[in-house]
Amino acid sequence: MKKVAAALLCAVITSGCAHSVSGTAGASPLQELTPEQQRHVHVEDALRAADPCGLLDESVVRAAGTVQQYGSAVQLSVCSALMARPEGATTYVELSLLPSMLSDAALTRPDTVDGVTVYRGAGADLARGTCERVFRLNVGTGEEQVGRDALATVRAGTVAGQDACPLADAVLESAIDRMRSGLPARDGTSAHQVALAVHDPCEVLDVLGTTAGGRVVDPESPPTPFDCVLFPNPNRVPGSEVTVSFTMSPVKENRPSVPAEPETVGDRCRWTSPTGEPIDITRPGAGVDEFTRRLGHAGAVVTVHGPNCAAVARVADAANTAFG
């Protein structure tokens, strides 16, 4: 379980983690992948296409206080809400379609809610005023349903000494009801998320065409819907893989321009560029501090990194064409 947690964390902070490419490379057409690779890609496509805010019912979290922030400003796979209670304290909820960290205790106390497997975990942490629930996502049926790769989490937090589990359970039950007929689809025009979220980072292969060696798909690894590991050259030399990643970053002041060349970071090269218009999930008139307000004002970032600067530059140019 600790290996799974570490790998999931790397899926979120891609630019700081080296990829272990133990899977085989598949050319860009999905038909040329093995059945196991196709199922893995199916899960990644389903997670990327799903809108986490479509599972986080605002009317449910509104019962915890006045909604001050609501949307996907921290991670593309997470929808968060911040509520102000009448006495001045705040309560938050995060619904993640791609958990970044799961402890051994998180996948305990299994339960079933409307046919969906739920893990109640350790229960309320009164010292911190938090509660976490884990549930399985509906990403398909039969062979398309990949068990451990389709987990989601609900995290709720309030003031220390209070039980946040009733709120977490209310959000959980609402999310299960909302995915009864399938996961809600992302909308590129939504005010709750950046437009880049509807894109697949592997779209760079459509631009590169036959000059690239295709994507790398490892069915044994956790899903990474906002990463694309690819061979930049048709000869597919092991160790030459380049990764394209989508992340979110708070908007500090003016967004930097697209860099002309990749930068060297240690023994790797990296190109990072803000893409598209940022979103601001703080409600007008909300009384939040400056730190919280900045976290809620964020934009999408495309990062390309790999061991060879020339290859990174070529993939970065394709990324700029595909997503710029």
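Student: Let's start with cysteine 269: is it buried or exposed?

Tutor: Buried means under 20% relative accessible area, exposed means over 50%, and partly exposed is in between (1.4 Å probe, protein chains only). Cysteine 269 has a relative accessible area of 1%, so it is buried. Keep in mind that this is a predicted model, where local features need pLDDT of at least 70 and side-chain atom pairs count only at pLDDT 80 or more, while totals for chains, interfaces and linings use all residues. Residues are numbered from 1 along each chain as its sequence is written, and side-chain values use heavy atoms, with hydrogens and water left out.

Student: Which residue does cysteine 269 form a disulfide with?

Tutor: In general, a disulfide is a covalent bond between the sulfur atoms of two cysteines. The criterion here is a pair of cysteine sulfur atoms within 2.5 Å. Cysteine 269 forms one with cysteine 309, and their sulfur atoms are 1.5 Å apart. Cysteine 269 lies in strand β13 (residues 268–280) and cysteine 309 in helix α7 (residues 309–323), so the pair ties together parts that are 40 residues apart in sequence. Those labels come from DSSP runs numbered from the N terminus: helices are H or I with at least four residues, strands are E with at least two. Cysteine 309 has a relative accessible area of 33%, so it counts as partly exposed.

Student: How many disulfides does a search of the whole structure find?

Tutor: It finds four. With the bonded cysteines of the protein chain numbered in sequence order, the pairing reads 1-2, 3-4, 5-6, 7-8. One of them joins cysteine 131 to cysteine 165, at 2.1 Å from S to S. With 95° about the S-S bond, that link is right-handed. Cysteine 131 is in strand β7 and cysteine 165 in helix α4, 34 residues apart, so distant parts of the chain are linked. Cysteine 131 is buried at 4% relative accessibility, and cysteine 165 is buried at 5%.

Student: And where do cysteine 202 and cysteine 228 lie?

Tutor: Cysteine 202 is in the loop between α4 and α5 (204–208), and cysteine 228 is in strand β10 (residues 227–231). They form a disulfide too, with sulfur atoms 2.1 Å apart. Cysteine 202 is buried at 8% relative accessibility, and cysteine 228 is buried at 1%.

Student: On to sheets. What is the strand order in the open sheet of seven strands?

Tutor: Strands of a sheet pair through backbone hydrogen bonds, either parallel or antiparallel. Here two strands pair if DSSP finds at least two bridges between them. The order is β2-β3-β4-β8-β7-β6-β5, with antiparallel pairing. β2 (66–71) and β5 (110–113) stand at the edges with a single partner strand each, so one side of each has no neighbour in the sheet. On average, neighbouring strands are turned by 20° against each other, direction ignored.

Student: Which helix packs on the sheet?

Tutor: Helix α4 (residues 165–178) does, touching β4, β5, β6 (116–119), β7 (130–136) and β8 (151–157). Contact means heavy atoms within 4.5 Å. The direction of α4 makes about 20° with that of β7. Axes are lines fitted to C-alpha atoms, for helices over the stretch in contact, and angles run from 0 to 180 degrees between N-to-C directions.

Student: How many bridges join β3 and β4?

Tutor: Strand β3 (residues 78–84) and strand β4 (residues 90–96) pair antiparallel over seven bridges. Cysteine 79 stands opposite leucine 95 in β4.
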